[in-house]
Amino acid sequence: MRTTYVLSGILKPRLQEDAAACIALTASDLYPEDSWNFVFGQASLYERVGVFSLARYGDPDLGKAEFNLCLLRTIKVATHETGHMFSMSHCILYECNMNGSNNLQESDAKPLALCPECQAKLCWATGADPVAQFKKLAAFCKAQGLTAEQAFYEKSLQALEECR
Ligand SMILES: [Zn+2]
Ligand SMILES: [Zn+2]
């Protein structure tokens, strides 16, 4: 399925004026042009619409470990595309959720979390309180068994609370 069709043909005409952003997900493979192989997702930096695909993350029915890997891949790309919808470009400064990735190996290598610069951009764009955000993210990761990510958010929370 062409991303341009989903973004311009489906989402843009339906985007509510008071919506922060609107993202679609599909089980179909996505590509922006016929000449491209595939993309994990694509989002507009300025028009608050995005789309991502679940087609290339593995088989979640193979067991708990495979399920968690598919879940982590899914939320990484969903949050990455959402970052684009808040006008954030690719990050080249640090290891960061907003790093670009062209294949699963690159996607798996980058963290779920944002780097300090992109985290600051997200807080500026959304008005989010990072303490409240990290608490919710740590709880979510704990509930889902994403232990490394949970530990990272708890460590981030601890660092923020030490600054207060
Ligand atoms: Zn991107
Ligand atoms: Zn970054």
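Reader: Which residues of β3 are buried on one side, and which on the other?

Author: In a regular strand the side chains alternate between the two faces of the sheet. In β3, V49, V51 and S53 lie on one side and G50 and F52 on the other, and all are buried. Buried means 20 or more other C-beta atoms within 10 Å of the residue's own, exposed means 12 or fewer, and partly exposed is in between; C-beta atoms are placed from the backbone. Five of the five residues of β3 are buried. Strands (E, at least two residues) and helices (H or I, at least four) are DSSP runs, numbered from the N terminus.

Reader: What should I know about the model and its labels?

Author: The model is predicted: local features need pLDDT of at least 70, side-chain atom pairs count only at pLDDT 80 or more, and totals for chains, interfaces and linings use all residues. Residues are numbered from 1 along each chain as its sequence is written, while chains are lettered from A and ligands numbered from 1 in the order in which they are written.

Reader: In what order do the three strands form the sheet?

Author: Strands of a sheet pair through backbone hydrogen bonds, either parallel or antiparallel. Here the order is β1-β3-β2, in an open sheet with mixed pairing. Two strands pair if DSSP finds at least two bridges between them. β1 (22-26) and β2 (41-43) are at the edges with a single partner strand each, so one side of each has no neighbour in the sheet.

Reader: How many bridges does β3 make with β1?

Author: β1 and β3 (residues 49-53) pair in parallel over five bridges. C22 has V49 as its bridge partner in β3. L25 stands opposite F52 in β3.

Reader: Which helices pack on the sheet?

Author: Contact means that C-beta atoms, placed from the backbone, lie within 7 Å. Helix α1 (residues 3-14) packs on the sheet and touches β1, β2 and β3. Its direction makes about 135° with that of β3. Helix α2 (residues 64-85) also touches β1, β2 and β3, at about 160° to β3. Axes are lines fitted to C-alpha atoms, for helices over the stretch in contact; angles run from 0 to 180 degrees between N-to-C directions.

Reader: And β2: parallel or antiparallel to β3?

Author: Antiparallel, with three bridges. G41 has F52 as its bridge partner in β3. The hairpin of β2 and β3 has five residues between the strands. There, R48 takes a positive phi near 60°.

How values were computed. Two residues are in contact if their C-beta atoms, placed from the backbone, lie within 7 Å.
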